[in-house]
Structure formats: C-alpha cells, structure tokens
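Please walk through this model from its secondary structure to its core, its surface and its charged pairs. The sequence and the coordinates follow.

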Amino acid sequence: MKKRLVSVIILAVFVSASAFSQFSFSVGTGLNVNSAYFGYKAGKVVPFAGIQVFSASGKFLRTGTEWNYDNGAAENFSDEIKVSGSIIMPELGLKYFAIEKNKLKAYVIAGITKPFLNAKLTFNGEEEDGIQDVLDNLSLIGGFAGIGTEYFLDENFSIGGEFGMQILSGNYSDEYTDTYYNPATSQDVEADFTEDFTVNFAPTYAKISLNFYF
C-alpha cells in the first residue's frame, strides 16, 4: 500500500508539471490534534508531506495517613504520579479538489503515517525506567482519510474545515527470561517467556486550517 500511494503521488506531480501549479502550506488545529504540511498544488491535486502531533498529560495525587512501623506512630503521606506523552506522526498524503464552485472548493484527502511515541512516568519525582523498555518493543503504523472544504479569500489564501478518521495500529512484542515455581521440587525454575499483542484505534477528528498557496 505504501509503494502504491507513493507512486500515485509522484505520478501526479510529473503528469501535472506542464499545468498551472503552486506550492502550498497548511496549518491546522482541532481537538487534541495539531498539524502542518507542505505540498505542491497541480490543478486539482495536492500531494503533500506533513506532520501531526498528539499530546497528553495527567497527574494523580493521593494523600492520607498511614502507620509507620519504623517510628511506631501514624504519619501523613503524599504520593504523586505524573504521566506525559506525545505521538509525533510524519505523514505522506494526497488531497484532491473534487468540487469547485466560485470561491468554495470541496476535497477528499488520504495518506499514511509513521507514528513515533514518547512517554514519561514519574512517581514522587523519580522517573520510572521501565517505560522506555515498553516503547522499544512497540511498533506503530497509521493512516488517515477525510473530507473537507476550503473558502478562498483570494488565489493565495483560504480558510478550511476538515472531518475524517485517523487509523492507528500498534503491535507489542517482547521476549524475556523469568522463573516459575515448581511445587514438585520446591524450587524456582528458569524459563523463556514471550508477550505479543496487537491493538487498533480508529478515532474521528475535526479541524480548521489556514492554507497558503504561492
């Protein structure tokens, strides 16, 4: 699928080379999604390369009273967990203006993405090292498709709105050595273990954008 989409984009650029063409730049924002791309508008076709950024963070705070066996007395405690992460998604796609009426143009858009995930977890100010081990064993791939409209204030600038679906597929695989308890010998026995699971997400998105053609 990747090779087919890349071939279509390259073909569209060269076939339209003799037609009126423009470079294009677009920035957009929506709920939990920010993106930007740089493309080449040749007639109704705009092949482009861009990037999307998803980010999230959270904090959990627990306070109370517990018994301290070392001191032999009750004392107050406070536990704080902070988590933050982001997904940086370079993308390669194609926009096609299917309907054009006066200053209003409707389009369809589709592309592929390769997400890169970053995350951090701290407990009472100390970072947990195991998060990076999980990320190293995680493989992600994605794509997107949507529809939108642009209203051209002039030939070089437009305001747009877009709605679509973002598809994200992840696979986690890990191999490690651990022990299990053998009750027949009352001993821990060393053995090899594997973990493998796949997860898929398909959230919708909506965004507004500012588009420049020059």
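Helices (H or I, at least four residues) and strands (E, at least two) are DSSP runs, numbered from the N terminus. This is a predicted model, in which local features need pLDDT of at least 70 and side-chain atom pairs count only at pLDDT 80 or more, while totals for chains, interfaces and linings use all residues. Residues are numbered from 1 along each chain as its sequence is written, and side-chain values use heavy atoms, with hydrogens and water left out.

Two helices and eleven strands make up the secondary structure of the chain. Read from the N terminus, the order of elements is α-β-β-β-β-β-β-β-α-β-β-β-β. Of the 214 residues in the chain, 29% are buried. Here buried means under 20% relative accessible area, exposed means over 50%, and partly exposed lies in between (1.4 Å probe, protein chains only).

In soluble globular proteins, nonpolar side chains tend to be buried together. A nonpolar core is taken as a set of buried Ala, Val, Leu, Ile, Met, Phe, Trp, Tyr and Cys residues joined through side-chain atoms within 4.5 Å. The largest such core here has ten residues, namely Tyr 37, Val 46, Phe 48, Phe 97, Tyr 107, Ile 109, Phe 144, Phe 152, Tyr 205 and Tyr 213. At least two of its residues come from each of strand 3 (45-68), strand 5 (104-113), strand 8 (138-154) and strand 11 (204-213).

Which residue is 50 residues from Phe 152 in sequence but 8.8 Å away in space, C-alpha to C-alpha? The residue is Asn 102, found in the loop between strand 4 (73-101) and strand 5. With a relative accessible area of 74%, Asn 102 is exposed. Its phi is near 55°, a positive value in a residue other than glycine. Asn 124 also has a positive phi, of about 50°, although it is not a glycine. Asn 124 sits in the loop between strand 6 (116-123) and strand 7, and its relative accessible area of 37% makes it partly exposed.

Met 89 and Ser 35 are 54 residues apart along the chain, with a C-alpha to C-alpha distance of 9.1 Å. Met 89 is buried, at a relative accessible area of 2%.

Next come the surface patches. Patches are made of residues with over 30% relative accessible area and no salt bridge; like charges are joined within 9 Å, and nonpolar side chains (Val, Leu, Ile, Met, Phe, Trp, Tyr) within 5 Å. Accessible areas come from the Shrake-Rupley method with a 1.4 Å probe, and for residues only the protein chains shown count as cover. A nonpolar surface patch consists of Phe 38, Leu 104, Tyr 151, Leu 153, Ile 159, Leu 210, Phe 212 and Phe 214, which together have about 740 Å² of accessible area. Strand 8 and strand 11 are the elements that give two or more residues to this patch. Tyr 151 belongs to strand 8 and is partly exposed, at 41% relative accessible area.

A negative surface patch is formed by Glu 126, Glu 127, Glu 128, Asp 129, Asp 133 and Asp 136. Two or more of its residues come from each of strand 7 (126-127) and helix 2 (130-136). In this count Lys and Arg are positive and Asp and Glu negative, while His and the chain ends are not counted. The place of a charge is taken as NZ of Lys, CZ of Arg, CG of Asp or CD of Glu. Asp 136 lies in helix 2 and counts as exposed because its relative accessibility is 53%.

Side chains of opposite charge can pair when their charged atoms come close. A salt bridge is a side-chain nitrogen of Lys or Arg within 4 Å of a carboxyl oxygen of Asp or Glu. How many salt bridges does the structure hold? There are two. One joins Lys 59 and Glu 80, whose closest N and O atoms are 4.0 Å apart. This pair links distant parts of the chain, with Lys 59 in strand 3 and Glu 80 in strand 4, 21 residues apart. Lys 59 is exposed at 58% relative accessible area, whereas Glu 80 is partly exposed at 24%.

In the other bridge, the side chains of Glu 150 and Lys 95 meet at 2.6 Å, N to O. Glu 150 lies in strand 8 and Lys 95 in strand 4, so this pair ties together parts that are 55 residues apart in sequence. Glu 150 is buried, with a relative accessible area of 0%, and Lys 95 is buried, with 1%.
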